[in-house]
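Please keep the model open while you read these notes. They go through it point by point.

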Amino acid sequence: MGKIISKQDISEIEELKKEGKKIVLCHGVFDLVHLGHIIHFEEAKKMGDVLVVSITAAEYVRKGPGRPYFDDEMRLKFLSSIACIDYVMLSEEYTVDDIIETIEPDLYVKGAEYAKAENDITEKIKEEVKLVRSHGGDIAYTTGQVFSSTKLINHALPALSEEVKEFALDFHQRYSIEDIRNFTNAMKNIKVLVVGDVIIDEYIYCNVQGIMSKDRGYSARYQYAEQYLGGTLAVARHLASFSDNVTLMSIIGIEETVHSRMLDELSDKMRVDMTYSNVFKTIVKSRYVSLNEKREELDKIFAINNLPTPMCIDKEALDSFKCKLQEKIGQYDAVILCDFGHGLIDSEVMDIIQENAKFLALNCQTNSSNYGKNLITKYKRADVFALDQRELGLAFSNYQQGEDELLLRLAEYFDSYGWLTQGSKGATSVENKILKMCPAFTLKVKDTIGAGDAFFALASLAVAAGAPIEVGTFIGNIAGALAANIVGNKESIEKVNVLKYASTLLNM
């Protein structure tokens, strides 16, 4: 029987090392332990004297929403019952570095599937091996038959809906995880210009106490507040996780806090080419939210913003921005245009972009402040587009036609292709008058704010890099599912997380 120990309680292992015992470490998620794992552990144990098995804590597992299927306690307990395992530990990082540095194993043992570096989606095995060797250890690989916990869970447990399973099986007939990796690698060298409104998203957390005694409004107790880089800033951050050549152009105010925040969070990821206005204030959207701890979901109570009336930017700043855009737009392979309808994209900016962009991805958003006034059909060109159901309905104002007919009309209008995002239903692509539905890859959500932007960013970049539109849909839907489990735009969508989730979905 293995013993569950913490990183602070390794005295027994240290004593065994002093006695000359050879310490062997195996690490993984081990979500559903199967015969392949048992063979792996038994073979690893034969390579030394003491076998330590560590697992990645649930909050650091990157196989997509709903994974791991079993929580930390259950996985630790199961592993501790396996006879050949001596100690079981929990790693509280994305990598195994904390365990390696704690126990300094003589041998770090991985399965045969990791022997080839090109099979490592995370691209972290080389770093792990280097760390092990820096502590006097070495790497070894077992040779037993390889099974897959992910595949078993996908088929045997209700981790994926039948609709998603059916889609993944069909998609996997045409594309492998190697194909998806190749497409994401192709994104790296695409030179991208992101244009659109900068927004600071403020989340004010509070506990709702009830209705005010003498009025009809809510009474709430303040807890704390956080600010996240939203709007075009969030889109650019997602893109910069995949492309090494991202430039962001927009107009912001002269607030020092905004400048320092952007410098801290964006300067090492992309080129930020801002025009500054002494008149226009950077847009801040504040949402009062309450955390539903049982479902890990945010309930939104109230929202306010500082948008100017009318929604326009001073002429001096806007003219400077237009000159810069006209001068530089031709240098980029793709323009990702995020029109939030807050004053930046006037008719002249639209003309500059439509006339000069080599590849134009368009997202023109409807929100409470511009309802009915910021329609995607004000544009005449888009090489690819994305919009939601409400935006599609407003584009043609025809309630006698269904969404499929309207989407086909929009694709014909632009003579291009694109996507309709449909929330919990997923997304529909249109190409050459053919519609294809992709289901939502998760119904487990924390906050849907930013999910559509994540879809648009990565689906568009995939297509700009030469991927077929259905691959763009697949990658975009993964990005949307991951974003729906991030509060606001607190974090960007990382390439490794997309690939890990893609691997999960294609392991059918």
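**Notes on the model**

1. Start with a strand pair. Gly 418 has Val 430 of S18 as its bridge partner. Strand S17 (residues 417-421) and S18 run antiparallel and are joined by four bridges. Strands pair here if DSSP finds at least two bridges between them. Helices (H or I, at least four residues) and strands (E, at least two) are DSSP runs, numbered from the N terminus.

2. A word on the basis. This is a predicted model, in which local features need pLDDT of at least 70 and side-chain atom pairs count only at pLDDT 80 or more, while totals for chains, interfaces and linings use all residues. Residues are numbered from 1 along each chain as its sequence is written, and side-chain values use heavy atoms, with hydrogens and water left out.

3. Now the turns on either side of S18. S17 and S18 make a hairpin with five residues between them. Gly 423, in that turn, has a positive phi of about 60°. S18 also forms a hairpin with S19, with two residues between them. In this turn, Asn 432 has a positive phi of about 50°.

4. The second pairing involves Val 430 again. Strand S19 (residues 434-438) pairs with S18 through five bridges, in the antiparallel sense. Leu 435 in S19 stands opposite Val 430. Strand S18 (residues 427-431) is largely enclosed by the rest of the structure, because four of its five residues are buried. Buried means under 20% relative accessible area, exposed over 50%, and partly exposed in between (1.4 Å probe, protein chains only).

5. Ser 460 is worth a look. This residue sits in helix H15 (residues 451-464). Setting aside neighbours within four places in sequence, Ser 460 contacts Ile 336, Phe 359, Ala 361, Val 384, Trp 419 and Phe 455. Contact means heavy atoms within 4.5 Å.

6. How many salt bridges does the structure hold? The count is 25. A salt bridge is a side-chain nitrogen of Lys or Arg within 4 Å of a carboxyl oxygen of Asp or Glu. Asp 170, Arg 174, Lys 436 and Glu 470 are linked in a network of such bridges.

7. Take Lys 7 and Glu 92. Their side chains meet in a salt bridge, at 4.0 Å from N to O. Lys 7 lies in the loop between strand S1 (3-4) and helix H1 (11-18), and Glu 92 in the loop between strand S4 (87-91) and helix H4 (97-103), so the pair ties together parts that are 85 residues apart in sequence. Lys 7 is partly exposed, at 22% relative accessible area. Glu 92 is also partly exposed, at 44%.

8. Lys 188 and Asp 244 form a salt bridge too, with the closest N and O atoms 3.9 Å apart. Lys 188 is in the loop between helix H8 (177-186) and strand S7 (191-196), and Asp 244 is in the loop between helix H9 (232-240) and strand S10 (245-252), so this pair ties together parts that are 56 residues apart in sequence. Lys 188 is partly exposed, with 40% relative accessible area. Asp 244 is exposed, with 51%.

9. Glu 265 and Arg 261 make a salt bridge within a helix. The N to O distance is 2.3 Å. The two residues are four apart in helix H10 (residues 256-266), and about one helical turn separates them. Glu 265 is partly exposed, at 22% relative accessible area. Arg 261 is partly exposed, at 25%.

10. Next, the cavities. There are four of 30 Å³ or more. On a 1 Å grid over the protein atoms alone, a cavity is a set of points where a 1.4 Å probe fits but cannot get out, and lining residues have an atom within 4 Å of a point. Grid points are joined across faces, edges and corners, and a volume is the space filled by probe spheres set on the points.

11. Which residues line the largest cavity? Among them are Asp 197, Ser 250, Ile 251, Ile 252, Phe 280 and His 342. Its volume is about 50 Å³. S10 gives the largest share of the lining, three residues. The lining divides into seven nonpolar, three polar and one charged. Ala, Val, Leu, Ile, Met, Phe, Trp, Tyr, Cys and Pro count as nonpolar, Asp, Glu, Lys and Arg as charged, and the others, Gly among them, as polar.

12. The second largest cavity has a volume of about 40 Å³. Its lining includes His 238, Gly 450, Asn 489 and Glu 491. Here the residues divide into five nonpolar, four polar and one charged.

Note on methods:
On a 1 Å grid over the protein atoms alone, a cavity is a set of points where a 1.4 Å probe fits but cannot get out, and a pocket is an open set with protein on both sides within 12 Å along at least five of seven lines; lining residues have an atom within 4 Å of a point.
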